[in-house]
Amino acid sequence: MLLAVWGFLKRHKKKCFFLGAFLGGVYVLGKYGQKKMREIQEREAAEYIAQARRQYHFESNQRTCNMTVLSMLPTLRDALMYQLNSESLTSLLKSKPSNKLEIWEDLKIISFTRSIVAVYSTCMLVVLLRVQLNIIGGYIYLDNAAVCKNGTILLAPPEVQQQYLSSIQHLLGEGLIELITVVKKAVQKIFGSMSLKHTLSLLDLDQKLREIRTVIEQPTEATKSKENGSQSLFCHYMMPDEENPLATQACGLTEKDIATIKLLNETRDMLESPDFNRVLSSCLNRGFSRLLDNMAEFFRPTEQDISDSGSVNSFSSVSLPLAKIIPIINGQIHSVCSETPSHFVQDLLTMEQVKDFAANVYEAFSTPQQLEK
């Protein structure tokens with residue numbers, strides 16, 4: 001039997017050799033293919049885990065954004081009420097002073113200014129914090145990934161994070177004061193000569209607010225001269241125009257200072273981008289719409305009004321004298337700048353444009369390529 005097999009192999013030596021080589025090659029290729037398949041599966045699994053981890057981190061970051069906005073609204077409200085103290089004027093009116101009309105005129109301007117600034121500053125706070133916390137969130141994600149791999153130097157250590165996020169104080173301080181000045185001039189232009197007895201419907205009020213916004217949002221010579229034009233219109237309310245104080249130091253900058261300056265410059269670029277301008281504009285539209293919705297209940301028609309107008313939709317049929325509208329608009333700051341999730345703030349936080357913009361910012365600053373910059 002063995003001799004027969006041996007003879008067969010000798011007669012078909014070449015065929016057996018090629019068959020063996022073929023089978024060996026198939027075996028080697030099979031093993032190589034299995035190895036590559038395992039590598040691809042492991043890589044896909046790692047990418048899936050990394051993507052899931054990044055998505056979880058992003059969603060957690062958005063919850064932090066929402067809580068931060070709500071926690072800062074009382075500070076914003078207090079700053080506004082301090083700068084535009086209408087309560088002191090209402091107290092004076094109760095004492096029946098001789099200059100009552102003059103006080104009413106001041107109260108008219110301050111009341112409208114306060115609520116309009118509240119809308120602008122709250123919208124700015126929502127979108128600015130989305131930018132800041134998603135930039136820093138992206139860097140934190142990269143830092144966590146880098147430390148897990150090789151323990152490299154952190155891009156955004158805690159000291160840098162604190163220094164960077166403290167820049168929000170400009171909006172609550174000098175930026176807010178500048179915004180108040182601009183809005184007050186616009187209110188004076190539209191309402192200054194209007195009599196307290198002049199009646200306005202809700203549609204009339206909407207038109208007046210639009211006129212005020214047009215005056216406020218008109219590009220200035222300073223913004224026109226910039227490369228981005230009107231895109232940088234609101235930037236100086238949220239960040240100072242001058243270079244960061246750290247950057248003005250000729251020497252003595254630490255690595256942490258340089259990292260902070262880099263973050264601030266990236267933030268400024270983001271605030272001057274067309275995308276930021278579009279998102280903020282959408283927030284302002286939604287904010288002023290919600291402001292009017294809040295005031296609409298004071299313009300509800302009586303049955304007699306409906307009967308006289310012959311229409312249930314009577315936004316234009318019910319008019320109130322300006323003197324009665326003043327206390328209504330004056331009280332809106334408590335709804336706009338409410339630390340509890342009011343309809344106004346909730347609308348802004350849940351806007352799809354805000355969510356999409358936040359995702360784009362986080363994506364831009366949480367990619368591994370950022371480590372190479």
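I began with Cys283, which I found buried at a relative accessible area of 0%, where buried means under 20% relative accessible area, exposed over 50% and partly exposed in between, with a 1.4 Å probe and protein chains only. I note that this is a predicted model, in which local features need pLDDT of at least 70 and side-chain atom pairs count only at pLDDT 80 or more, while totals for chains, interfaces and linings use all residues. Residues are numbered from 1 along each chain as its sequence is written, and side-chain values use heavy atoms, with hydrogens and water left out.

**Cysteines**

I then asked which cysteine sulfur is closest to that of Cys283. The closest one is in Cys123, at 5.4 Å, which is too far for a bond, given that a disulfide is taken as a pair of cysteine sulfur atoms within 2.5 Å. The structure holds 0 disulfides. I also looked up Cys235, and recorded it as buried with a relative accessible area of 2%.

**The chain as a whole**

I listed 17 helices and 2 strands in the protein chain, these being DSSP runs numbered from the N terminus, with helices (H or I) of at least four residues and strands (E) of at least two. Of its 373 residues, 42% count as buried. Taking contact to mean heavy atoms within 4.5 Å, I noted that 84% of the contacts between residues at least 6 apart in sequence join residues at least 24 apart.

**Helix H12 against H17**

Two packed helices are described by the angle between their axes and the distance between the axes. For H12 (residues 274-296) and H17 (residues 352-365), I noted axes that come within 9 Å and cross at roughly 155 degrees; the axes are lines fitted to C-alpha atoms, for helices over the stretch in contact, and the angles run from 0 to 180 degrees between N-to-C directions. That makes H12 roughly antiparallel to H17, since angles over 145 degrees carry that label, those under 35 count as roughly parallel, 65 to 115 as roughly perpendicular and the rest as oblique. The contact is made by Asp275, Phe276, Val279, Ser282 and Cys283 of H12 together with Gln353, Val354 and Phe357 of H17.

**Helix H12 against H8**

I turned next to H8 (residues 202-216), which packs with H12 at an angle of about 150 degrees, with the axes 11 Å apart. H8 and H12 are therefore roughly antiparallel to each other. From H8 the contact takes Leu202, Leu205, Asp206, Leu209 and Arg213, while the H12 residues in it include Ser281, Leu284, Phe288 and Met295.

I located Met124 in helix H4 (residues 100-149) and found Met124 buried, at 0% relative accessibility. Met124 and Leu280 lie 156 residues apart in sequence but 6.9 Å apart in space, C-alpha to C-alpha. Leaving aside neighbours within four places in sequence, I listed the contacts of Met124 as Leu171, Leu179, Phe234, Tyr237, Met238 and Leu280.
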